[in-house]
Amino acid sequence: MNFVRRSSTSLCFLILAACKQTYSWHQELTVTVQTPAGEVSGHSVTEVTKVETDGNLVLPEARGVWSHIRGEAVVVEVAPDRYLFVLLDGVDQLAHPTFPQFPYERPGEFRNWARAIERHRGIGVVPPEDYPMMVTFADIDIPTSVQLVDPNDLVATFGDGYSLVSLTLEITDDEVTKGRIDGLLDWFEELWPSKLDGRSIGTIEAEHPLANQLSTSSFLTRAIR
């Protein structure tokens, strides 16, 4: 009986493994901002991994695509000691709208799309409606001073003469960017892996709602630390 049980377990594992396909690529997100002193930019290379689970032997509720990103947020110094952060949240989904030459509308088309993105080398412009969340800090040394930035109205945050020029995405062979976020945010190590207000979970009672909404993983993933 033990032999049969082990054989059955091994067979199930092999079936599930055969129903999973993994796709991965490196992508560089570059953010350019117009300032009173001229254009400035920042960039970050992240690794996106997508795992598709599908097949007749997989339960319908278990089918789908799981996505993971490894890397750090883009940071742009728009003025001395003033920074714009483009967070990681949603960056793993940018390739689809940025490269419309590789469309897919139905789940069954995902595999061909992912393979095309893996092979592609080139730059595309991220559509404004797909911009990731952007934030800044009133005081870079105080994580609870985090503020939401409207990409269509940088003047409201940084003052006259500031505007977002573009976000571009490039599929690349470059290595994942390291060291910029935890090198800039002195409090990062102390807070990891909590919310920016130090809590472990979100709560409607938070004194600083945005800081309670965002976690350190919005800025840097554990895999490259």
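Arg199 lies in the loop between helix H6 (188–191) and helix H7 (209–213). Helices (H or I, at least four residues) and strands (E, at least two) are DSSP runs, numbered from the N terminus. The model is predicted: local features need pLDDT of at least 70, side-chain atom pairs count only at pLDDT 80 or more, and totals for chains, interfaces and linings use all residues. Residues are numbered from 1 along each chain as its sequence is written, and side-chain values use heavy atoms, with hydrogens and water left out.

Arg199 is partly exposed, at a relative accessible area of 38%. Buried denotes under 20% relative accessible area, exposed over 50%, and partly exposed the range in between (1.4 Å probe, protein chains only). Residues up to four places away in sequence aside, Arg199 touches Ser194, Glu205, Ala206 and Asn212; contact means heavy atoms within 4.5 Å. Asn212 is 13 residues from Arg199 along the chain, and their C-alpha atoms are separated by 7.0 Å. The loop between H6 and H7 also holds Pro193. A cis peptide bond, with omega about 0°, joins Trp192 and Pro193.

For the protein as a whole, seven helices and nine strands are assigned. Of its 225 residues, 43% count as buried. Among contacts between residues at least 6 apart in sequence, 65% join residues at least 24 apart. The accessible surface comes to about 12200 Å², and 52% of it belongs to carbon and sulfur atoms. Accessible areas come from the Shrake-Rupley method with a 1.4 Å probe; for residues, only the protein chains shown count as cover.

His120 sits in the loop between helix H3 (110–119) and strand S6 (122–125). His120 counts as buried because its relative accessibility is 17%. Beyond its neighbours within four places in sequence, His120 is in contact with Phe99, Gln101, Phe102 and Ile171.

Glu77, Asp81, Asp139, Asp141 and Asp186 form a negative surface patch. Patches of this kind join like charges within 9 Å, from residues with over 30% relative accessible area and no salt bridge. A salt bridge is a side-chain nitrogen of Lys or Arg within 4 Å of a carboxyl oxygen of Asp or Glu. Asp and Glu count as negative, and the charge is placed at CG of Asp or CD of Glu. Glu77 belongs to strand S4 (residues 74–79) and is partly exposed, at 42%. Asp81 falls in the loop between S4 and strand S5 (82–86). Asp81 is exposed, with a relative accessible area of 58%. Its phi is near 65°, a positive value in a residue other than glycine.

Terms used: Patches are made of residues with over 30% relative accessible area and no salt bridge: like charges are joined within 9 Å, nonpolar side chains (Val, Leu, Ile, Met, Phe, Trp, Tyr) within 5 Å.
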